[in-house]
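Please look through the structure below before reading on. The text after it goes through a few parts of the chain in turn.

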Amino acid sequence: MAYDDLRDWIAALDRAGELKRITTEVDPILEVAEITDRVSKMGPAQSPAQQPGGPALLFQNLKGYPGLQILMNQFGSPRRMKLALEVDALDEVSSRIRSFMDVKSPQGILDKVKMLPMLAEMGKFFPKTVSSGPCKQVIKRDNFSLLDFPILQCWPKDGGRFVTLPCVITRDPKTGKRNVGMYRMQVYDATSTGMHWQRQKVAAEHVRDHLRSSVEGKSAAVDLMARTSGGSQIPEGAMPTGRMEVAVAIGTDPALTFSAIVPAPPDIEEFIIAGFLRQKPVELVKCETVDLEVPAISEIVLEGYVQLDELRREGPFGDHTGFYSLDDLYPVFHVTCITHRKDPIYAATVVGKPPQEDAYMGKAVERIFLPLMKLTIPELVDVNLPIEGVFHNLMIVSIRKSYPGQARKVMNAIWSLGQAMFTKCIVVVDEDVNVQDLADVTLKVFNNIDPERDIQYTMGPVDSLDHASRLPNYGSKMGIDATRKWSSEGFARPWPDEITMDATPPARVDGTWKQLAKEVGIG
Ligand SMILES: Cc1cc2nc3c(=O)[nH]c(=O)nc-3n(C[C@H](O)[C@H](O)[C@H](O)COP(=O)(O)O)c2cc1C
Ligand SMILES: [Mn+2]
């Protein structure tokens, strides 16, 4: 049963004992983030009854914002992430994806009949446009202000207040397809914000497509791209003018919010992904002032545009790397209309030193994408993105190795696979290593490598949040081939056996273990 909207989801969290209401007065400036950070770092040690992540928090008494509420930490634990996607295990989502990928060409009428339920289910993925919805309860075409909402400042050195959980909707000018991406927005004033889509993200490409189509000829387009590398470079020379429309939905059902962070191929609309996850179509309504659609159930909708020739300093911002991301140049979002529900609930998150809420969102992506990664990397067995590796710094993968050099082939495949291109360090192990067990990984990897031989460096795009790369967005990456080396890979020495006790003595020891344990003092 899909969650209808944010309120339905809040009610479900409440029923599951996963929500706490905070009625003490709290300031959206620094305090909400501080409280949420403390709660999100609560773990079994602090509260044995609790799982890691602490509860979701509904702040009901906000300094300066009477009557408004903020929802924080909604995805902030393994259990809530599963609840959000309505599964008992995240692997259920991967199995559903696999079942759609496993479709064979039907051999006869019976096979075709068997496919019908699947086709019927697919019908639920596609969004529906409806004539109106709760997000239109209040429509403000003028006299609106972003400052009417309890937008957070999270960290002391942040450049200001940031919208931290927005679903940013843009349209591909070539195909007309819509994209939903989560890109933070720094509030500049009542009607404008920054738009932090990083250079390699889909909405940034939409901007570039508008720019490309504003010049004549391919060489002019090549020249324009070189001059306007977005983000970190000030464009040299005259820029084409024009606008790109943008709509932002804040506070939706959890499947939709989650779909905005999913690293989907650019041509797949996140509305379809959300429909797949919730098994019910996303309902969309037309915007008032731009040619875009937004989820009808959104708590708050911001409509507006970015100017193609305008960039402004954005940041710094305390980021999920545990460091402030440096300020840089990004487009400016100009708001033309705000619509919202009555007494809107503002949904936000805080990112900073892990673990925080985004860790569990990232872990869900890791599980859900494994079968999709296996499509292009069939030898892949398992993947672990350790939380402290902040997703783009470290990926550990196990493979079923069957030919020389295969670990390096896998690294290169990962570096060319969507947003996995950002991975700064890839560790490849054999399938007998459990990548989820960092102790096992550490033991095997560092025993098994000859660093000079087994480390592969490459250059390419890196995450915009990487503060160590020699240039913004461009730097080096490293892969460690920690698989066992074969003679066909030039390894001429014998390979030692791993230590395991054979069966006979342990069986004898097992038999007398009770007595032995007493003598050792552990029984
Ligand atoms: C809480 C949170 C905040 C994020 N903020 C940004 C951001 O400011 N800029 C950005 O480019 N990506 C950000 N991301 C990652 C993107 O949402 C993610 O890469 C997504 O796949 C982008 O969608 P797209 O592939 O449609 O561009 C954030 C993710 C999360 C979970
Ligand atoms: Mn996308």
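The paragraphs that follow cover a metal site, a set of paired strands, a pair of helices and one serine.

This is a predicted model, in which local features need pLDDT of at least 70 and side-chain atom pairs count only at pLDDT 80 or more, while totals for chains, interfaces and linings use all residues. Residues are numbered from 1 along each chain as its sequence is written, chains are lettered from A and ligands numbered from 1 in the order in which they are written, and side-chain values use heavy atoms, with hydrogens and water left out.

Begin with the manganese ion (ligand 2). Its protein donors are Asn179, through OD1, and Glu270, through OE, at 2.0 to 2.1 Å. Donors are N, O and S atoms within 2.8 Å of the metal (3.2 Å for Na, K and Ca); water is not among the atoms, so sites may look incomplete. The two residues come from distant parts of the chain, 91 residues apart: Asn179 belongs to strand E8 (residues 178-181) and Glu270 to helix H9 (residues 270-278). Helices (H or I, at least four residues) and strands (E, at least two) are DSSP runs, numbered from the N terminus. Asn179 is buried, with a relative accessible area of 2%, and Glu270 is buried at 4%. Buried means under 20% relative accessible area, exposed over 50%, and partly exposed in between (1.4 Å probe, protein chains only).

Next come the strands. Strand E12 (residues 283-286) pairs with strand E4 (residues 128-129) in the parallel sense over two bridges; two strands pair if DSSP finds at least two bridges between them. Glu283 of E12 is the bridge partner of Lys128. E12 also pairs with strand E13 (residues 293-295), in the antiparallel sense and over three bridges. Here Leu284 stands opposite Pro295 of E13. The link from E12 to E13 is a hairpin of six residues.

How are helices H4 and H10 arranged relative to each other? H4 (residues 91-101) and H10 (residues 357-376) pack at an angle of about 30°, with axes 7 Å apart. Axes are lines fitted to C-alpha atoms, for helices over the stretch in contact, and angles run from 0 to 180 degrees between N-to-C directions. H4 and H10 are therefore roughly parallel, since angles under 35 degrees count as such, over 145 as roughly antiparallel, 65 to 115 as roughly perpendicular and the rest as oblique.

Last, Ser398 lies in strand E20 (residues 394-399). Ser398 is buried, with a relative accessible area of 1%.
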